[in-house]
Amino acid sequence: MPTILGQNQYGKAENRVVKITRDGDTHHIKDLNVSVALSGDMDDVHYSGSNANVLPTDTTKNTVFAFAKEHGIESAEQFGIHLARHFVSSQEPIHRARIRIEEYAWERIATSDGNSKFIGADEVKHSFARKGMETRVSQITYDGESWEVISGLKDLTVMNSTNSEFWGYVKDKYTTLKEAYDRILATDVSARWRYNWTSDEQRMPNWEKSYEQARKHMLHAFAETYSLSLQQTLYQMGSRIINSRSEIDEIRFSLPNNHHFLVDLEPFGLKNDNEVYFAADRPYGLIEATVLRDGVEPKIPVDMTNL
């Protein structure tokens, strides 16, 4: 039996675009996952392989990033309208454009009153935490005599849109990474901390308050550290918790370095002044370390997978 072509569409899916708007020292973030699907006069490409009516999917990807610069991102809806209108109006074979957008919301991290004393900087207005992602975790072990309580969190996504550098590293013949003197620093925090409460004879910590305070100090340290490496930021986060919370003796972090690469907009005649980034999800650097109170032996497993 003869066959005919039914509904069809094509495009570039899941274009992760992060747009930083810099209002002086105050930064604003729009973080979108944009998928483009186009349909129209596409019979020939299916029947004969002729690409005469085909706008490359790579071009649709480039358009997403270029429009983030040219039009800004007022809202997901308005950005999608710009894109859909462009594809249909500029390409005669394209009759329909579907733009699907997921927006990842960020909230500004409220820093401590004395943050200027901590890093010698002014008020921080460039640090953010992703909304609605964090999972609180706890592991309680009891052998009839002693307790071990390890608490923490995972999937707490945070970002500094400036005040981060990475340079002066070892270079060999395989090194292609360029030194960065103003970069985005972003990570998904996985942290476990161990309490020094081990016996019913001791005063039990206020677990709710302790968690809230540990999280607060962790975020303050992330926001208030001028970072020359993610390792440095990790150590400051752990130190701030241990120095501020006497009930916690040990904390271990696993921090992926969520890379954000500046998009080259020069082919489109546009200058990218640290505004439009491609958010890569893999491969990623993975930074892990334990921070301890002096004189304390580590007990949190190096591999926290099962915690």
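Trainee: Why is Ser227 called buried?
Mentor: This is a predicted model, and in it the relative accessibility of Ser227 is 0%. Buried means under 20%, so Ser227 counts as buried.

Trainee: Where is Ser227, and what does Ser227 touch?
Mentor: Ser227 sits in the loop between H5 and H6. Leaving out residues up to four places away in sequence, Ser227 touches Asn163, Ser164, Glu165, Leu185, Gln232 and Thr233.

Trainee: What makes the link between the side chains of Ser227 and Thr233 a polar contact?
Mentor: Two N or O atoms have to lie within 3.5 Å, with one able to donate a hydrogen and the other to accept it. The side chains of Ser227 and Thr233 make such a contact at 2.8 Å.

Trainee: And Thr63, is that one buried or exposed?
Mentor: Buried: Thr63 has 10% relative accessibility, and the cut-off is under 20%. Thr63 belongs to helix H2, and the side chain of Thr63 reaches the backbone oxygen of Thr59 at 2.7 Å. Setting aside neighbours within four places in sequence, Thr63 is in contact with Leu83, His86 and Phe87.

Trainee: Which residues does UniProt list as "binding site"?
Mentor: The unreviewed UniProt entry lists Thr57 and Asn257 for that feature. They span 201 residues in sequence and the farthest two C-alpha atoms are 28.0 Å apart, so they do not all gather at one spot. Of these residues, Asn257 is included in the lining of the second largest pocket.

Trainee: What makes Asn257 buried?
Mentor: Asn257 has a relative accessible area of 10%, and buried means under 20%. Asn257 is in strand S9, residues 248-257. Apart from neighbours within four places in sequence, Asn257 is in contact with residues including Arg183, Leu230 and Tyr284.

Trainee: What about the "active site" label, which residues carry that?
Mentor: The unreviewed UniProt entry places "active site" at Lys12, Thr57 and His259. They are spread over 248 residues of sequence, and in space up to 23.1 Å between C-alpha atoms. Of these residues, His259 is included in the lining of the largest pocket.

Trainee: OK, rings next. How do you know that the pair of Phe166 and Tyr169 is stacked?
Mentor: You need the distance of the centres and the angle of the planes. The ring centres of Phe166 and Tyr169 are 4.8 Å apart and their planes are at 20°. Centres within 6.5 Å make a pair, and planes under 30 degrees apart count as stacked, so this pair is stacked. Phe166 is partly exposed at 26%, whereas Tyr169 is buried at 16%.

Trainee: And what makes Trp197 and Trp207 edge-to-face?
Mentor: Their planes are 80° apart, with 5.8 Å centre to centre, and an angle over 60 degrees is edge-to-face. Trp197 is in the loop between S8 and H5 and Trp207 is in helix H5, so the pair ties together parts that are 10 residues apart in sequence. Ring pairs link Tyr142, Trp147, Tyr195, Trp197 and Trp207 into a cluster.

Trainee: Last one: which residues touch the most other members of the largest nonpolar core?
Mentor: Val189, Trp193, Met218, Ile251 and Phe253 do, out of 31 residues in that core. H5 gives the most to this core, with 7 residues. There is also a second, separate core of 25 residues, including Val17, Val36, Phe65 and Val263. In soluble globular proteins, nonpolar side chains tend to be buried together.

Methods
Residues numbered from 1 in each chain as written. Predicted model: local features only at pLDDT ≥ 70, side-chain atom pairs only at ≥ 80, totals over all residues. Heavy atoms only, no water. UniProt positions renumbered as here; feature names shortened; annotations may be inferred. 1 Å grid on protein atoms, 1.4 Å probe; cavity = no way out; pocket = protein on both sides within 12 Å on 5 of 7 lines; lining within 4 Å. Helix = DSSP H or I, 4+ residues; strand = E, 2+ residues; numbered from the N terminus. Buried < 20%, exposed > 50% of the residue type's maximum accessible area, 1.4 Å probe, protein only. Contact = heavy atoms within 4.5 Å. Core = buried A, V, L, I, M, F, W, Y, C linked by side-chain atoms within 4.5 Å. Phe/Tyr/Trp six-rings, centres within 6.5 Å; stacked < 30°, edge-to-face > 60°.
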